Amino acid sequence: MMRPSTSFALRVLLKIVLAFIVAGFVFYLCIYFGFFGEVPTKKTLKSLQNNSASEIYTADSVLIGRYFIQDRTNVKYTSISPFVVKALVATEDARFYEHKGVDMRGLLRVIVKSILLQDESSGGGSTLSQQLAKNLFPRQSHKFLSTPINKVREMITAVRLEAVYSKEEIIELYLNTVPMGGNIYGIERASRVFFNKASSDLKMEEAAVLIGMLKANTTYNPARYPQRSLERRNVVIGQMVREGYINAPEADSVKLRPLILSYNKNRAGQGIAPYLREYLRKELLKWAETHLDEDEKPYDLYTDGLKIYTTIDSRIQMEAERAVRTQMTKLQRIFDSHWRNQAPWGNNTSVITSAMQKSDRYSLLKEAGKSDEVIRETFNKKRPMTLFAWGGNKQVTMSPLDSIKYYQRILNTGLISIEPATGHVKAWVGGIHHQVFKYDHILSRRQVGSTFKPILYTAALEKGIDPCMLIENKRVTYPQFENWSPQNSDGRYSGKYSMKGALAYSVNTVSAQLMMQTGIPQTISLAHRMGIASEIPTVPSISLGTASLSLLELVGAYTVFANTGRLIKPVSITQIKDRDGKVIHAAKKSEGTQVISARNAATMLEMMRGVVDAGSASRLKTDFGLSMDMAGKTGTTQNQADGWFIGITPKLVTGVWVGAENPLVRFRSLKLGQGANTALPVWATFMKSLVSKPQFSLYRYSKFRPLGADVTARLNCPLFVEDEIVEEPVKKESFFKRIFKKGLGIFKKKKKNDDPPEQTQ
């Protein structure tokens with residue numbers, strides 16, 4: 001018979017247990033009904049969509065970039081290697097196919113071993129479905145109750161997930177959401193980053209490496225800790241043997257294989273066309289604001305998994321980037337030798353002060369409330385840093401102020417290539433190194449120099465001025481424009497030029513006179529019709545290129561000459577697809593707008609061929625050996641601050657600008673700093689390399705349209721005509737004057753005989 005005290009103790013224990021059960025049940029109900037925060041409903045779970053990075057592709061189907069918050073590419077279950085699935089289940093949830101979201105046997109094991117026996121090797125007891133719930137709906141803070149509340153919430157969510165999705169779909173969701181270290185999410189991106197292959201192509205040992213990372217993605221990161229990763233990989237393979245997915249001999253063979261990675265994580269700014277990717281990012285954000293998805297919400301570039309298809313050709317882009325590296329390396333070496341230890345900005349310290357005040361370091365110090373004195377001290381304190389240099393970055397100890405001076409001496413460039421018939425941008429190089437120099441020089445506005453002259457000459461033709469009209473090469477002062485008196489760069493003023501000759505030799509005095517005959521407003525109006533959006537000052541000096549325009553605008557305008565007078569605005573995106581492959585944006589094919597007559601376009605094209613044949617761009621043939629049909633115009637601004645060359649071939653119009661960040665940093669001589677010596681070699685190197693490739697033989701042999709008889713006759717005139725030399729008539733001397741001079745000559749001849757004979761050399 002039970003003692004009263006024992007009976008009482010049992011009753012108390014039963015009450016306590018019952019109280020715990022009731023409390024636990026109430027606790028569960030509170031979580032279930034959202035007292036501690038909403039638990040996802042089945043309806044919510046059915047409409048799940050993982051955040052997915054948007055991807056950007058070239059016209060030849062090369063992936064060149066991604067826009068994301070979480071670096072993720074979603075992939076279907078059928079596109080995942082079976083080795084991944086087997087390794088995952090064997091390692092993370094051996095009874096996955098047996099439970100309904102919560103593994104009660106595993107849970108009891110954890111309670112007994114982990115809590116009662118303090119055995120940490122028993123595992124966490126969370127099923128794949130519970131882990132998926134955790135990945136999809138991050139844990140919330142509830143102070144000391146955080147762990148139990150979040151665990152129960154994940155169990156409820158896991159059960160609902162199992163009711164909504166099949167086992168295969170849950171594995172698919174899990175492998176697309178799991179964090180793989182850093183900002184990488186999902187098996188597909190991890191496979192691309194660590195092994196440079198699709199997840200469907202993963203071998204057993206590679207799958208085991210990635211699944212092994214799930215235990216601790218930093219600790220077992222194969223790129224950082226290869227030995228730890230190798231050991232963890234072999235543990236995963238052991239689990240696959242234990243669960244019967246592979247046999248022991250096969251596992252032993254795989255364990256002997258070395259860890260071989262093909263690590264290729266692309267960071268911002270890396271890969272081809274980084275300046276274009278950044279330009280498109282801003283344009284796409286604007287586009288997304290005005291375009292709605294199926295839920296009537298604006299598209300999200302960073303999470304909606306869009307596929308953006310561009311006009312860029314990866315092969316042309318790589319040749320353009322290679323040409324920039326090759327020529328800018330040479331030009332920087334010449335520039336450094338030209339200035340040696342002197343500062344290109346001389347005594348004008350405002351160049352450095354301005355650059356310092358634009359720096360991120362200065363902004364952060366100002367925001368922190370630091371005084372000017374403290375900021376100066378900070379900028380003058382030496383510290384280890386990495387500097388950009390052609391041929392490889394260099395490690396130095398230098399003050400931030402000295403690094404600013406160093407970077408102010410670096411020459412930069414921009415190159416853009418457009419297909420005139422379609423307006424498709426085929427190459428976009430906005431600078432020499434995107435990670436260091438963020439400013440895109442395809443979009444920056446700089447004075448354009450003589451590259452504006454073809455627009456002026458076109459305006460003259462459109463007004464009806466005869467291209468064979470001879471214009472005197474003389475310096476003229478224009479009182480109505482504050483005594484403006486343009487000069488020629490060579491200082492020569494004589495003879496007369498036809499329009500073709502004046503353009504070929506870039507004669508400023510002739511351009512100024514043409515501007516006066518054509519009219520400033522008419523010239524500006526034509527420039528805008530040709531696609532130039534920037535404001536152009538209403539002054540006659542624009543005839544010499546004082547307007548500040550972007551490379552994108554200028555090259556777009558030049559396509560008109562190659563396109564029979566039609567303007568087709570530059571296009572860089574052909575279409576956008578949503579995550580399901582549905583086209584949600586497609587660029588319309590444009591026939592263009594006729595902005596100048598076809599006759600005048602052909603006339604200008606032939607005149608610009610003269611620039612290449614005999615003018616300022618003749619180096620293309622003599623020095624670089626290019627022989628295809630070419631036309632173009634060089635440009636150099638005041639004091640050689642900017643060098644330009646816009647070149648036209650039948651299939652591509654390509655423009656190059658070269659200069660420093662600050663216009664005060666430039667070559668001192670015209671010979672070194674002119675566009676024919678800075679920008680033209682970049683263009684020539686690009687085109688020479690491009691047309692040498694078999695796949696671009698069409699570019700090599702393409703021809704301009706044959707000139708019509710009327711255009712040929714129209715330009716049948718000399719480039720230059722010398723001034724006529726007028727001889728004065730000889731006056732006849734008188735008889736007495738002739739006798740006097742003859743006698744004087746006899747006297748001089750006799751005296752000369754006394755001198756020594758003249759020596760020859």
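This is a predicted model: local features need pLDDT of at least 70, side-chain atom pairs count only at pLDDT 80 or more; totals for chains, interfaces and linings use all residues.
View 1. Strand S20 covers residues 653-660 and pairs with S19 in the antiparallel sense over seven bridges. (Strands are DSSP runs of E, at least two residues long, numbered from the N terminus; two strands pair if DSSP finds at least two bridges between them.) Four residues lie between S19 and S20 in this hairpin.

**View 2. The S18–S19 hairpin.** Strand S18 (residues 631-636) is antiparallel to S19, with six bridges between them. Here Gly 635 stands opposite Trp 644 of S19. Five residues separate the two strands of this hairpin, and Asn 639 in the turn has a positive phi of about 60°.

View 3. Seven of the seven residues of S19 (residues 642-648) are buried, so the strand is largely enclosed by the rest of the structure. Buried means under 20% relative accessible area, with a 1.4 Å probe and protein chains only. One side carries Asp 642, Trp 644, Ile 646 and Ile 648, and the other Gly 643, Phe 645 and Gly 647.

**View 4. An open sheet of three strands.** The order is S11-S12-S21, with antiparallel pairing. S11 (471-472) and S21 (720-721) are at the edges with a single partner strand each, so one side of each has no neighbour in the sheet. Two bridges join S12 (residues 496-497) to S21, and Lys 496 stands opposite Val 721 in S21.

**Notes for all views.** Residues are numbered from 1 along each chain as its sequence is written, and side-chain values use heavy atoms, leaving out hydrogens and water. Local features need pLDDT of at least 70 and side-chain atom pairs count only at pLDDT 80 or more, while totals for chains, interfaces and linings use all residues.

Technical notes
Buried means under 20% relative accessible area, exposed over 50%, partly exposed in between (1.4 Å probe, protein chains only).
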